[in-house]
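Here is a short note on the charged side-chain pairs, for your review. Please read it with the structure open.

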Amino acid sequence: MSAAAGWFECDTRFIPGHFQPGMLIDLALGRGLDSHRLLRGTGLFYEDIVAGTARLSPQQWLALIGNVRTLPASEDIGFLLGQRSLPGHFGAASHAFAQAAHLQDALDVLIEQRAQLSPLLTPRLEVDDNRLQLHWLDAYGCGEQYRFVLEASMAAVASATRWLSGERLPWRFEFRQAQPRHIEQYWVHLGDALRFERPRDSMVLPREWLHRPWPGASTIAAQGARLESQRQLAEQRLHSSLLDQLHDYLLAHIRDPLNLERVATAFGLSPATLKRRLQKHGTHFQEQLDLARLHVALHLYEARGYSNDAVAAYLRFNDTTNFRRSFKRWTGQSPSALRQLLGWAPG
């Protein structure tokens, strides 16, 4: 696998201002925040957003979110934004999502069209014999706005799938963070199937829901919308973020000797340039490598029932002790403690 020729970065202006940002602006204006204060420091003009001509970079989108969060009693705004976001009114991508025949189709569209439907967090689907897990990864370095974006992303999927399926799906929500102070907003908007201080930010559902038919879906309309959304995607020069592509590369080569120099060469960059670009996104190479190794390790534990020794060997650690030490650094817990917490089979 080689790296793609190009990618979105945190300062690339590709997010239409009248899409999700416009929705957030409407919510904030309704709460009494004036447009000047709302757009302060973003480099954006309200008139351009209303006219549909503004394109935001992830940095500008995050700055806008930061301004909204200065509102008193703003703890529910991320959830409310999420409930408005999907399927949304984002052209063929939204139409394809809205016409999905079942959950698998909808999630395929969400992942494929993530630059439009989920511009700040990358959804990644993992399915085993018993369940599906929709993991959320930071695509641009959200920093202190990450929790807000995660709340919006999870609420968007939960709300949209409830509407399209005609029933509330029994999602379980897992968060890396500790339980927040505004936990009542999680109960109201997500329900009480909440787990905090987990190794990944994920939405979990029994596999049986993946292909259960949804009422009201039109096969012809769904196929047409999906083909149109794919055609539009093919016409775009860029499709995903630098961090997305780096994560994909690391996963594909996770058993190989990996270092900054080798990966930079694969991306057609010098090591100094790749290091600089990762710093711009608030991260560094070792953090991204650790994240990829963690995701592989969790998959091997959960889906394949690997022992500690087997996971360490698969990831090419010199010894199990070194792997355990690294795993605790990644998650804050030893493999045995996490195994007990999550109910994995003994390793």
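1. Basis. This is a predicted model, in which local features need pLDDT of at least 70 and side-chain atom pairs count only at pLDDT 80 or more, while totals for chains, interfaces and linings use all residues. Residues are numbered from 1 along each chain as its sequence is written, and side-chain values use heavy atoms, with hydrogens and water left out.

2. Total. The structure holds 19 salt bridges (a side-chain nitrogen of Lys or Arg within 4 Å of a carboxyl oxygen of Asp or Glu).

3. Lys-280 and Asp-11. The closest N and O atoms of this salt bridge are 3.3 Å apart. Lys-280 lies in helix H14 (residues 271-280) and Asp-11 in the segment before strand S1 (15-16), so the pair ties together parts 269 residues apart in sequence. Helices (H or I, at least four residues) and strands (E, at least two) are DSSP runs, numbered from the N terminus. Lys-280 is partly exposed at 34% relative accessible area, and Asp-11 is partly exposed at 41%. Buried means under 20% relative accessible area, exposed over 50%, and partly exposed in between (1.4 Å probe, protein chains only).

4. Arg-200 and Glu-126. Here the closest N and O atoms of the salt bridge are 3.6 Å apart. Arg-200 sits in the loop between strand S6 (194-195) and strand S7 (202-206), and Glu-126 in strand S3 (residues 121-127), so parts 74 residues apart in sequence are tied together. Both Arg-200 and Glu-126 are buried.

5. Network. Salt bridges link Glu-126, Asp-128, Arg-131, Arg-200 and Glu-302 in a network.

6. Glu-208 and Arg-212. Their side chains meet in a salt bridge at 3.6 Å, N to O. Glu-208 is exposed at 55% relative accessibility, whereas Arg-212 is partly exposed at 32%.
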